[in-house]
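Please walk through this model helix by helix. Start with the pairings, then move on to the packing.

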Amino acid sequence: MDILNKITEFRQERGWTEYQLAEKSGLTQSTISSWYRKNMLPTIPSLIKICRAFDISLSYFFLEEKDAPVSLTARQKELIECISKLTPAQQELLLGFLNSL
């Protein structure tokens with residue numbers, strides 16, 4: 001697995017620049033860009049910060065297949081619980097809104 005490519009994929013899925021990832025993760029942009037320039041791997045603590053910025057678990061980051069079972073972050077579990085309390089019509093409206101973003 002190419003960790004730097006995986007970070008780039010997650011970043012591009014969100015439409016983030018390296019600068020935005022740095023802001024959201026609490027890392028410096030120079031740290032992130034140096035990984036790519038020097039072909040270095042981030043430390044585990046840095047990778048955890050990256051995953052938190054993406055709002056994904058570390059285990060999800062390392063999944064090879066997207067359809068494999070995953071563990072949800074606390075935030076994802078909270079969102080699912082809130083959605084489950086909505087009526088089917090409200091869920092459809094929410095889904096329409098999210099798809100329009």
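**Salt bridges and helix packing**

Glu78 and Arg75 lie three residues apart in helix α6 (residues 74-84), which means about one helical turn separates them. The model is predicted. Glu78 and Arg75 form a salt bridge, with the closest N and O atoms 3.3 Å apart. Glu78 is partly exposed at 42% relative accessibility. Arg75 is partly exposed too, at 46%.

The count of salt bridges comes to three. Glu81 and Lys85 meet in one of them, at 3.9 Å from N to O. Here Glu81 is partly exposed, with a relative accessible area of 47%, whereas Lys85 is exposed at 64%. Glu13 pairs with Arg14 in a salt bridge, where the closest N and O atoms are 3.7 Å apart. Glu13 is exposed at 53%; Arg14 is partly exposed at 29%.

Now turn to helix α1, residues 3-13. At its start, a side-chain oxygen of Asp2 comes to within 3.1 Å of the backbone nitrogen of Leu4. The buried residues of α1 are Ile3, Leu4, Lys6, Ile7, Thr8, Phe10 and Arg11. Their cover includes α2 (18-25), α3 (29-37), α4 (44-54) and α5 (58-61). Just after α1, Gly15 adopts a positive phi of about 75°.

How do α2 and α4 cross? Their axes come within 8 Å and cross at roughly 100°. Therefore α2 is roughly perpendicular to α4. On the α2 side, Leu21, Lys24 and Ser25 make the contact. On the α4 side, Lys49, Ile50, Ala53 and Phe54 do. By class, this contact has four nonpolar, one polar and two charged residues.

Conventions: Residues are numbered from 1 along each chain as its sequence is written. This is a predicted model: local features need pLDDT of at least 70, side-chain atom pairs count only at pLDDT 80 or more; totals for chains, interfaces and linings use all residues. Side-chain values use heavy atoms; hydrogens and water are left out. Buried means under 20% relative accessible area, exposed over 50%, partly exposed in between (1.4 Å probe, protein chains only). Helices (H or I, at least four residues) and strands (E, at least two) are DSSP runs, numbered from the N terminus. Contact means heavy atoms within 4.5 Å. A polar contact is a pair of N or O atoms within 3.5 Å; within protein, one must be able to donate a hydrogen and the other to accept it, and residues adjacent in sequence count only if both atoms are side-chain atoms. Axes are lines fitted to C-alpha atoms, for helices over the stretch in contact, and angles run from 0 to 180 degrees between N-to-C directions. Angles under 35 degrees count as roughly parallel, over 145 as roughly antiparallel, 65 to 115 as roughly perpendicular and the rest as oblique. Ala, Val, Leu, Ile, Met, Phe, Trp, Tyr, Cys and Pro count as nonpolar, Asp, Glu, Lys and Arg as charged, and the others, Gly among them, as polar. A salt bridge is a side-chain nitrogen of Lys or Arg within 4 Å of a carboxyl oxygen of Asp or Glu.
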